[in-house]
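Please read the numbered points with the model open.

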Amino acid sequence: PFIDKGGILMNVGINNRASTINQIFVGVNNIARLVYQSGGGTPAFELPTFTGNNAISGDETQGRIELYESGTLTLYPGTYDFFAVGGGASGVQTGSDGSTYKNAGAGGAGYTKTTTGVSISAKTEFAIVVGAGGTQSGKVLSNSAGGVSSAANNTTASVVVTVNGGVGGYYGANGGAGGSGGGASFTGDGDNASGQPGGTDGGNGGGSVYLYGQAGAGQGTTTRMFGESDTTLYAGGGGGYAPGSGGAGGAGGGGNGGRDGAPNGASGTANTGGGGGAGYRNRSQSGNSGNGGSGIIIVRWNNT
């Protein structure tokens, strides 16, 4: 009944006086939602939609959407925060180099980045790219890096957030850099040696000590969602190889490293950006390094 048609000014009688109606709110599930504003004003907030695999938690007042693959995200007027994790890298498969056998370090996790306070005044579509995890490719390093994750406004072509994937582990047993660094692998002789762990929460991987390669460097800042201390941890580095036991993958999705008798490294967890664990290959064992985990983009809103 209170509809602003053709520019007609609407009024309602209060205490025998005609007062102008500027806004009308209706209670829905105990939440006041704006359904009318004079002059055709601001529409009610609507939940985001996405063309790919996703999950929404919360409601119109406060919530978030997690985007697990690339696609098109539609947002409605409001203010949003974006959190992005790049794809984790693989530990490169070890193999022969002439007559010498070399180990490789574990893959670094995807880097993370947060962009806050993105204001949208009209329905807007965003191109979402979720970085793929790097794959091990024998002695070739080119496919081992994790993919870039990004979100860009389709109307203005402006990039809201973009972040790189992790760096692959190297021959010579060095871990790859990333959001959290990959662990180094063992380089000496010793049946009981333990592998170096992957980095966690932006830290370096284990290594840079006697009989191990160099640790992969982490980004040096937290990899928790939106950079906040009480949120989910992402981007754990992969664990390095050692004959006695493989290094543990870093918390936040990193894969464990291989060992003698079980030379395959574990892959990073999907949609965490975790790095792949280092595998081991020599004349008697044929193990592969784990693949990196794919990245993720998370968008949240708060209309309170």
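**Strand pairing and aromatic contacts**

1. Strand β13 (residues 124-129) pairs with strand β14 (residues 149-153) in the antiparallel sense, over 4 bridges. Strands here are DSSP runs of E with at least two residues, numbered from the N terminus, and two strands pair if DSSP finds at least two bridges between them. Within this pairing, A127 has A152 of β14 as its bridge partner.

2. The model is predicted: local features need pLDDT of at least 70 and side-chain atom pairs count only at pLDDT 80 or more, while totals for chains, interfaces and linings use all residues. Residues are numbered from 1 along each chain as its sequence is written, and side-chain values use heavy atoms, with hydrogens and water left out.

3. The β13 and β14 strands belong to an open sheet of 5 strands, in the order β5-β8-β13-β14-β15, with antiparallel pairing. Its edge strands are β5 (49-50) and β15 (159-163), each of which pairs on one side only.

4. Strand β6 (residues 54-58) and strand β7 (residues 62-67) run antiparallel and are joined by 5 bridges. A hairpin of 3 residues connects β6 to β7, and I56 stands opposite I65 of β7. Strand β7 also pairs with strand β16 (residues 296-302), in the antiparallel sense and over 6 bridges; there, G63 has W301 as its bridge partner.

5. Which rings make contact with one another? The count comes to 6 aromatic pairs, where rings of Phe, Tyr and Trp (its six-membered ring) pair if their centres lie within 6.5 Å; planes under 30 degrees apart count as stacked, over 60 as edge-to-face and the rest as tilted. The rings of F45 and W301 have centres 6.0 Å apart and planes at 40°, so this pair is tilted. Because F45 lies in the loop between β4 (31-37) and β5 and W301 in strand β16, the pair ties together parts that are 256 residues apart in sequence. Ring pairs link F45, Y80 and W301 into a cluster.

6. F45 is buried (under 20% relative accessible area, with a 1.4 Å probe and protein chains only; exposed is over 50% and partly exposed in between), at a relative accessible area of 12%. W301 is likewise buried, at 2%.

7. The rings of F186 and Y212 have centres 5.3 Å apart and planes at 65°, so the pair is edge-to-face. F186 and Y212 both lie in the loop between β15 and β16, 26 residues apart, and both are buried.

8. R300 lies over the face of F226, 4.0 Å from the ring centre. A charge sits over a ring if NZ of Lys or CZ of Arg is within 6 Å of the ring centre and within 35 degrees of the ring normal.
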